[in-house]
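Dear colleague,

Some notes on what turned up follow below it.

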Amino acid sequence: MGIYEFKVKTNRGEEKNLSDYKGQVLLIVNTASKCGFTPQYAELQELYMKYKEQGLMVLGFPSNQFAEQEPGTNDEIQNFCKVNYGVTFPLFAKDAVRGEKAQPLFKYLVEQKGFAGFDESHPRASGLMNALKQKFPEYLEGDSIKWNFTKFLINRQGEVVGRYEPTTTPASMAGDIEKLL
Amino acid sequence: MVKVYSIPDCPWCEKVKKYLKLKNVEYEEFNVEEDDEARNELYKISGDQIVPVTTIDGKNYVLSFDKAKLDALLNL
C-alpha cells in the first residue's frame, strides 16, 4: 500500500485523499496543542511559505495523545491559544497517531521509517528522554511516534524518505527538503 | 454587548467565559475557527489570530485571561 491510497479527515470533517497531493513533496507532522509555547509551528509555517511555490506541502495532524506541554517548557507557558495553530497549511482532524488506535496513515509511516534515536544535541533531548522514561516508558519501545512534532518527508514519487524526531527543528530540515524539490 | 472571540480546546477562553458568567456579564461568543467573518473581525481588532479576545466596542480589547484588565474594560 502506498501513501497515495490513504484517506484522511480534514479539521472540518471532510474526507481528503492523499492522492490529491501526488507529485508534491510532503512534510507530514503530528502536531500538539494550539496553546502556549510551541515554536515548531512557526518554523513549519516558514518552511511552507518558503517552499510551497516549488511544490512543498505541509500536512499537520493534531493528536491529544501526548501531554499538553513539551517537557521543560513550563516556565514558558503563554496564556493564549492560536487560531488554527497560527498556520495556513492544511490541518486534519484530531486523531490518534500511536498505539492500536493510531490512524492507518501513521501506522504506515512508522513502518516505512523506524525510530533511529533522538538528536542528542537538541537542548530538549535529554528532558524529553527523561520525561518519557518516567511517565511513558512504553512509548520508547519500537518504532512508534514518540512525541509531538515527529516529521516525515515524502518525495515526489510518494516514498517516505526521512523521519525526523521532535528533537530536529523544522528549520534544520530545509536542506533535505531542497534536495527533493 | 460584550464579545468574546474564542476557539475550542482553549483553556484561557474557558476561563474568560467562566469569569464573565460569574460576574453576570452577558456576552456573545464567536468560534473563530469555524466563523470566517468573526475571524476577520478579530484580525481587525487585534491584528493577530490569538485568542481569547474580549471587547465591547471593537477597539479596546483584552487579550487572554487577565482579571484586572477585564475588570477595567467592563467596569466590574
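Two residues are taken to be in contact if their C-beta atoms, placed from the backbone, lie within 7 Å. On that basis, and bearing in mind that this is a predicted model, A:V58 touches A:L27, A:V29, A:L44, A:L47, A:Y48 and A:F89, leaving aside residues up to four places away in sequence.

A:V58 also belongs to the largest nonpolar core, which has 37 residues and in which A:L27, A:I28 and A:V58 have the most contacts. At least two residues of this core come from each of β3 (25-31), α1 (39-51), β4 (56-62), α2 (104-112), β6 (151-154) and α4 (174-180) of chain A, and β3(A) gives the most, with 5 residues. There is a second, separate core of 15 residues, and among its members are A:C81, A:V83, B:L42 and B:V51.

In chain B, 4 strands form an open sheet with mixed pairing, in the order β2-β1-β4-β5; its edge strands, each pairing on one side only, are β2 (27-31) and β5 (61-63), and the twist from one strand to the next averages 20°. Strands β1 (residues 2-6) and β2 of chain B run parallel and are joined by 5 bridges, with B:S6 standing opposite B:N31 in β2(B).

Two helices of chain B pack on this sheet: α1 (residues 11-22) touches β1, β2 and β4 (53-55), its direction making about 160° with that of β1(B), while α2 (residues 36-46) touches β1, β2, β4 and β5, its direction making about 80° with that of β4(B).

With best wishes

Notes:
Residues are numbered from 1 along each chain as its sequence is written. Chains are lettered from A and ligands numbered from 1 in the order in which they are written. This is a predicted model: local features need pLDDT of at least 70, side-chain atom pairs count only at pLDDT 80 or more; totals for chains, interfaces and linings use all residues. A nonpolar core is a set of buried Ala, Val, Leu, Ile, Met, Phe, Trp, Tyr and Cys residues joined through C-beta atoms within 7 Å. A residue is buried if 20 or more other C-beta atoms lie within 10 Å of its own, exposed if 12 or fewer, and partly exposed in between; C-beta atoms are placed from the backbone. Two strands pair if DSSP finds at least two bridges between them. Axes are lines fitted to C-alpha atoms, for helices over the stretch in contact, and angles run from 0 to 180 degrees between N-to-C directions.
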